[in-house]
Amino acid sequence: MSFITDKDLEFMQMALEKARLAPALGEVPIAAVIVMDDRLLSHVHNFREIWQDPTAHAEVVAIREAASRLGTWRLTGTTLYVTVEPCSMCIGAIIQARITRLVFGARDPKAGACGSVFNIPSERRLNHRVQVVGGVLEQESQELMQSFFRRLRQDVGERGAKGPLMVNR
């Protein structure tokens with residue numbers, strides 16, 4: 001059985017703070033934090049638009065940074081906090097990195113791969129098990145996403161079809 005700790009709330013709040021910075025840079029407000037023994041290894045938001053890289057989701061960028069800091073791709077003993085339920089690419093990277101625990105905020109009914117659309121962590125044929133805790137500060141995470149896309153739709157409406165629609169998780 002999974003439970004939420006005070007540290008979970010603290011690190012998820014840190015992820016939300018980072019996610020709030022992303023829209024000013026043209027990014028969807030999703031952020032990830034990786035910790036080991038309460039030590040911060042990475043603290044990032046999405047970089048898909050900035051880098052024009054379809055793999056630059058917050059989870060993948062955070063995994064790369066944490067692996068670099070630890071000097072190993074095996075992130076056993078770490079917890080990854082992310083503001084939105086990971087997609088199939090990201091949960092695949094989480095499993096491949098051997099992350100021990102995943103804590104996420106808002107569910108993603110369109111692309112979530114930890115119970116919403118798919119439930120990849122529960123696949124018994126995989127070689128690594130990730131403990132998943134969902135819905136931590138869910139309302140805050142969900143409101144951040146909803147307000148971002150509400151503003152984006154409003155901006156597109158005001159601009160008309162003149163400019164590109166910038167983001168899509």
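In what order do the five strands of the open sheet lie? This is a predicted model, in which local features need pLDDT of at least 70 and side-chain atom pairs count only at pLDDT 80 or more, while totals for chains, interfaces and linings use all residues. Residues are numbered from 1 along each chain as its sequence is written, and side-chain values use heavy atoms, without hydrogens and water.

1. The order is β2-β1-β3-β4-β5, with mixed pairing. Because β2 (39-45) and β5 (131-133) are at the edges with a single partner strand each, one side of each has no neighbour in the sheet. From one strand to the next, the twist averages 15°. Strands are DSSP runs (E, at least two residues), as are helices (H or I, at least four); two strands pair if DSSP finds at least two bridges between them.

2. Strand β4 (residues 101-106) pairs with β5 in the parallel sense, over three bridges. Val133 in β5 is the bridge partner of Val103.

3. Helix α1 (residues 6-21) packs on the sheet and touches β1 (31-36), β2, β3 (78-84) and β4. Contact here means heavy atoms within 4.5 Å. The direction of α1 makes about 50° with that of β3, where axes are lines fitted to C-alpha atoms, for helices over the stretch in contact, and angles run from 0 to 180 degrees between N-to-C directions.

4. The largest nonpolar core has 32 residues; Ile34, Ile63 and Ile99 are among those that touch the most other members. Such a core is a set of buried (under 20% relative accessible area, 1.4 Å probe, protein chains only) Ala, Val, Leu, Ile, Met, Phe, Trp, Tyr and Cys residues joined through side-chain atoms within 4.5 Å. Its largest share, six residues, comes from α3.

Notes: Buried < 20%, exposed > 50% of the residue type's maximum accessible area, 1.4 Å probe, protein only.
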